[in-house]
Amino acid sequence: MGNREMEELIPLVNRLQDAFSALGQSCLLELPQIAVVGGQSAGKSSVLENFVGRDFLPRGSGIVTRRPLVLQLVTSKAEYAEFLHCKGKKFTDFDEVRHEIEAETDRVTGMNKGISSIPINLRVYSPHVLNLTLIDLPGITKVPVGDQPPDIEYQIREMIMQFITRENCLILAVTPANTDLANSDALKLAKEVDPQGLRTIGVITKLDLMDEGTDARDVLENKLLPLRRGYVGVVNRSQKDIDGKKDIKAAMLAERKFFLSHPAYRHIADRMGTPHLQKVLNQQLTNHIRDTLPNFRNKLQGQLLSIEHEVEAYKNFKPEDPTRKTKALLQMVQQFAVDFEKRIEGSGDQVDTLELSGGAKINRIFHERFPFEIVKMEFNEKELRREISYAIKNIHGIRTGLFTPDMAFEAIVKKQIVKLKGPSLKSVDLVIQELINTVKKCTKKLANFPRLCEETERIVANHIREREGKTKDQVLLLIDIQVSYINTNHEDFIGFANAQQRSSQVHKKNTIGNQGTNLPPSRQIVIRKGWLTISNIGIMKGGSKGYWFVLTAESLSWYKDDEEKEKKYMLPLDNLKVRDVEKSFMSSKHIFALFNTEQRNVYKDYRFLELACDSQEDVDSWKASLLRAGVYPDKSLAVSTPLHSEEGLSSDFFLKSFHSS
């Protein structure tokens, strides 16, 4: 690339910058640029004015730069300025430029010293400048002044970060020499986003104001805080010089004299000063544009192809054609219906690999959550025996009963059946909530049409809510039907004669022990397989460890891995129950525990086997699977009080009937 083409790089990027600013967006492209960062009164404005050779920036106390100023310097025979928001108007008086910057700033931010990230684009044509583009950012402040919000420091920091975090942005870190350079706000921010110092150019101002006997030689020689692109020292006009209207040209001559005469900077005078800084920035920006241009061009071409493809869809677009709108509306509604059906019925083209949703979650509610909710229903056996006793006595009245009245049985049983309403209605609520969540996921494709998306979601959700009421009425009706008539002739009903037989069979099975666990795995019915972590044993051995668990109707086994070749242990399920374990603040796992109701050790010397899952949903799922295997949740039952022999026999009969159901 020749010198002439290199000189055209910065104006080319300037035109792109103007085009993106006019569009109000950056097309997701990061333009090569230089951002000027520094604290308040660090001398940023003076450096920029020295580049132009004119006083044109607002000055004063507190925050003066309250909006990013995109300053584009263009080499030209004539000298004038143009604002992007004032197209066609040329400013030859630079005092007017200052007033326009102040007016445009107040127009967006108001008069209360507020800030805004909307930039002001200013282009300066002059024979005294080199092609260069700089973004002057608000000075870093610590304390809010006037009507500024208390978080003004955070707001300015976030605005600066928006620019300097981009890889295509060079950072011009301006730091006054009369402060501790190690605590420089500008260098500190630059270090955060550019820790290697590859994109940062250091500028040291106010070298003439350092204490006598001190200098910044080590910094300027890039020894103390090294940067890949080095440091440049400058001497700006003092506030007295500015108030006295000292000419910038005279100030630059004084700057040159300072570096040539100062013993610490004399040997590097040719690499110091505003003219050298301008040349360095021109060269650095040109090289930076050249280096980033290939990648930038690829991104631009990629976006161009994407936009052309999007435009192709509207090639035959006729906004006045009413059938087009109707057809598009029907297509989107039909697609919503298809997506909703696929999520409920299941489909291979929309598989969520992160969590259960749609039909799969509803299936879990019916087959795992609902049975588990039923088993979770607590009843106090002592209280139940007392209710049975009172029911029998109240039905007999003043008479001494010989037989257990059927009415007492029905009264107690109906009271227990009614308790099914809670878990049933809760399951309906869970299903309704999942249906509504599915609707919200399906309407994401309508996000480009907010009103249609909102109306579709509202109409379908309202329809689901309407069916919710009828569904709950139907569920309650089914329970009421069961309550209205107790069919004692049903084959599943355990009569009085069969109750003792069933009890003896259960006792015999418990006496024999769990002989079924000796069956090979291939002959056992596997209820569930999956990874679990044994937490309490792992703690004793230096850390929790995960195993592959296999649950059958007779036992719980765990293996080294899911190949099921190396079995670690097989735990019979006899007399086991499950209980919740409070989650530790140091652990992200959700834990449940197995224990033996006869106070025996469950595994080796451990009374409890604590098993951990990644989520509470997994815990509930394993509990439901254990429930299918006959391992029930722990229910602390009080010791029963002695009853009359007939009442005690009746109570046992009632309880066995409840347990059988």
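Author: Helices here are DSSP runs of H or I with at least four residues, strands are runs of E with at least two, and numbering starts from the N terminus. Counted that way, this predicted model has 20 helices and 16 strands in its chain.

Reader: What part of the contacts links residues 24 or more positions apart?

Author: Among contacts with a separation of 6 or more, such pairs account for 70%.

Reader: Let's turn to the sheets. In which order do the strands of the sheet containing β1 run?

Author: The order is β3-β4-β2-β5-β1-β6-β7-β8, an open sheet of eight strands with mixed pairing. From one strand to the next, the twist averages 25°.

Reader: Why are β3 and β8 called edge strands?

Author: Each has a single partner strand, so one side of β3 (80-83) and one side of β8 (231-233) are left without a neighbour in the sheet.

Reader: How do you know that β2 and β4 are paired?

Author: Pairing asks for at least two bridges found by DSSP. Strand β2 (residues 69-75) and strand β4 (residues 120-126) are joined by seven bridges and run parallel, so they meet the condition of at least two. One spot to look at is Thr 75, which stands opposite Ser 126 in β4.

Reader: What makes β6 a covered strand?

Author: Eight of its eight residues are buried. In a regular strand the side chains alternate between the two faces of the sheet. In β6, Cys 169, Ile 171, Ala 173 and Thr 175 lie on one side, Leu 170, Leu 172, Val 174 and Pro 176 on the other, and all of them are buried.

Reader: Which strands pair with β6, and in what sense?

Author: β1 pairs with β6 in the parallel sense over six bridges, and Ala 35 stands opposite Ile 171 in β6. Six bridges also join β6 to strand β7 (residues 200-205), again running parallel. There, Val 174 has Val 203 in β7 as its bridge partner. Helix α5 (residues 152-164) lies across β1 (33-38), β5 (132-136) and β6 (169-176), at about 150° to β1.

Reader: Why is Lys 188 called partly exposed?

Author: The class covers values between the buried limit of 20% and the exposed limit of 50%. Lys 188 has 44% relative accessibility, so it falls in that class. This lysine lies in helix α6 (residues 185-193). Its C-alpha atom is 9.3 Å from that of Ala 173, 15 residues away along the chain.

Reader: What makes Glu 564 and Gln 599 stand out in their backbone angles?

Author: Glu 564 has a positive phi of about 60° although it is not a glycine, and Gln 599 likewise has a positive phi of about 60° without being a glycine. Glu 564 lies in the loop between β11 (555-559) and β12, while Gln 599 is found in the loop between β14 and β15.

Reader: Why do Glu 564 and Gln 599 get their accessibility classes?

Author: Exposed needs over 50%, and Gln 599 has 56%, so it is exposed. Glu 564 has 26% and is therefore partly exposed.

Reader: Finally, why is α14 described as roughly antiparallel to α16?

Author: The label needs an angle over 145 degrees. Helix α14 (residues 406-418) and helix α16 (residues 450-484) pack at about 170°, with axes 9 Å apart, so α14 is roughly antiparallel to α16. At their contact, Lys 414, Ile 417 and Val 418 in α14 meet Ile 479, Gln 482, Val 483 and Ser 484 in α16. By class that gives four nonpolar, two polar and one charged residues.

Conventions:
Residues are numbered from 1 along each chain as its sequence is written. This is a predicted model: local features need pLDDT of at least 70, side-chain atom pairs count only at pLDDT 80 or more; totals for chains, interfaces and linings use all residues. Side-chain values use heavy atoms; hydrogens and water are left out. Axes are lines fitted to C-alpha atoms, for helices over the stretch in contact, and angles run from 0 to 180 degrees between N-to-C directions. Angles under 35 degrees count as roughly parallel, over 145 as roughly antiparallel, 65 to 115 as roughly perpendicular and the rest as oblique. Contact means heavy atoms within 4.5 Å. Ala, Val, Leu, Ile, Met, Phe, Trp, Tyr, Cys and Pro count as nonpolar, Asp, Glu, Lys and Arg as charged, and the others, Gly among them, as polar. Buried means under 20% relative accessible area, exposed over 50%, partly exposed in between (1.4 Å probe, protein chains only).
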